[in-house]
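Q: I would like to go through this model with you. Could you take my questions as they come?

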Amino acid sequence: MIGYDTAKFQIPEFMFKALKTIFEESITGFSVAEDASHSLELASAALLFEISQADEDVSAIEKDQIAAALRKVFSLGEQELADLMAAADAAVGDAVSLYDFTAVVNDQFTREQKIQLIEMLWRVAFADEVLDQYEEYYVRKIAELLHVSHKDYIQTKLRVQDGR
C-alpha cells in the first residue's frame, strides 16, 4: 500500500462545510423546496424521461407511455400531467445524477411501489419495441439505486416483455 501524508490533503473545515452544503443542495434541493409539493411525482416522471432519452431517440409512443403511467399512478388531470411532464423533462436536463430522483423515491415509496416504478420504466423502454442497451443499463442502475432486488428486476422485465 502506498503511504502518503494525510495532513497535506486535509480540507479546511470551512471549505468542507461549504462543499457539503453545495452537494446537499444539488442532490436534494428540488425535493425540499417549498414549491416542490409534488416532488415524488416529479422524481418518478424524471426517471421515466431518463429511460426515454437513454437511446437519444424519444419517440411519441414513449411519451404516450410515460403519460399513461403517470396518469394511472398519480391520478392527474390533463393540465397537471402536461405541467409535470414539462417539469420532469427540464429536471432531467438539469440533474447531476440519477440519485437526484431516486433519493426522493426511496424516501417515499414502499418496496411494491418501487417495483411498480421499475415496471413503468420497462414499459417505456419497450414502448418502441426496441430495447436499447442504454435503456436496459439505466433501468438496471435505477433498480439498484432503489434497492430493488435483481430477482424483482428480472421478473418485472420478463412480465413486461411478455406483455403481461
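Q: Which residues is Ile118 in contact with, leaving aside its neighbours within four places in sequence?
A: Ile118 is in contact with Val139, Ile142, Ala143, Leu146, Val148 and Thr156, where contact means heavy atoms within 4.5 Å. This is a predicted model, in which local features need pLDDT of at least 70 and side-chain atom pairs count only at pLDDT 80 or more, whereas totals for chains, interfaces and linings use all residues. Residues are numbered from 1 along each chain as its sequence is written, and side-chain values use heavy atoms, with hydrogens and water left out.

Q: Which residues touch the most other members of the largest nonpolar core?
A: Leu70 and Ile118 do, in a core of 42 residues. A nonpolar core is a set of buried Ala, Val, Leu, Ile, Met, Phe, Trp, Tyr and Cys residues joined through side-chain atoms within 4.5 Å. Buried means under 20% relative accessible area, exposed over 50%, and partly exposed in between, with a 1.4 Å probe and protein chains only.

Q: Which helices each supply at least two residues of this core?
A: They are α2 (39-53), α3 (60-74), α4 (78-94), α5 (99-108), α6 (111-126), α7 (133-145) and α8 (150-161). Helices (H or I, at least four residues) and strands (E, at least two) are DSSP runs, numbered from the N terminus.

Q: Changing topic: what volume does the second largest pocket have?
A: Its volume is about 170 Å³. A pocket is found on a 1 Å grid over the protein atoms alone, as an open set of points where a 1.4 Å probe fits, with protein on both sides within 12 Å along at least five of seven lines; lining residues have an atom within 4 Å of a point. Grid points are joined across faces, edges and corners, and the volume is the space filled by probe spheres set on the points.

Q: And which residues line the second largest pocket?
A: The lining consists of Gln65, Ala68, Ala69, Lys72, Val73, Ile115, Gln116, Glu119, Met120, Arg123 and Arg159. The elements that give two or more residues to this lining are α3 and α6.

Q: How many nonpolar, polar and charged residues is that?
A: Five are nonpolar, two polar and four charged. In this scheme Ala, Val, Leu, Ile, Met, Phe, Trp, Tyr, Cys and Pro count as nonpolar, Asp, Glu, Lys and Arg as charged, and the others, Gly among them, as polar.

Q: How many salt bridges does the structure hold?
A: There are six, a salt bridge being a side-chain nitrogen of Lys or Arg within 4 Å of a carboxyl oxygen of Asp or Glu. In one of them, the side chains of Glu119 and Arg159 meet at 3.3 Å, N to O.

Q: What does that pair tie together?
A: Glu119 lies in helix α6 and Arg159 in helix α8, so the pair ties together parts that are 40 residues apart in sequence. Glu119 is buried, at 18% relative accessible area, whereas Arg159 is partly exposed at 26%.

Q: Which residue does Lys157 form a salt bridge with?
A: Lys157 pairs with Glu136, and their closest N and O atoms are 2.6 Å apart. This pair links distant parts of the chain, with Lys157 in helix α8 and Glu136 in helix α7, 21 residues apart.

Q: Lys157: buried or exposed?
A: Lys157 counts as buried, because its relative accessibility is 15%. Glu136 is partly exposed, with a relative accessible area of 23%. Not counting residues up to four places away in sequence, Lys157 touches Trp122, Phe126, Leu131 and Glu136.

Q: What about Glu112, which residue is its salt-bridge partner at 3.7 Å?
A: That partner is Arg111, the distance being between the closest N and O atoms. Glu112 is exposed, at 51% relative accessibility.

Q: Now Tyr138: where is its place?
A: Tyr138 is in helix α7. Tyr138 counts as partly exposed because its relative accessibility is 26%. Leaving out residues up to four places away in sequence, Tyr138 touches Ile51, Ala54 and Leu98.

Q: Last topic, the backbone: what phi does Ser75 have?
A: Ser75 has a positive phi of about 50°, although it is not a glycine. Ser75 lies in the loop between α3 and α4 and is exposed at 62% relative accessibility.

Q: And what phi does His147 have?
A: His147, also not a glycine, has a positive phi of about 60°. His147 is in the loop between α7 and α8 and counts as exposed, at 65% relative accessibility.
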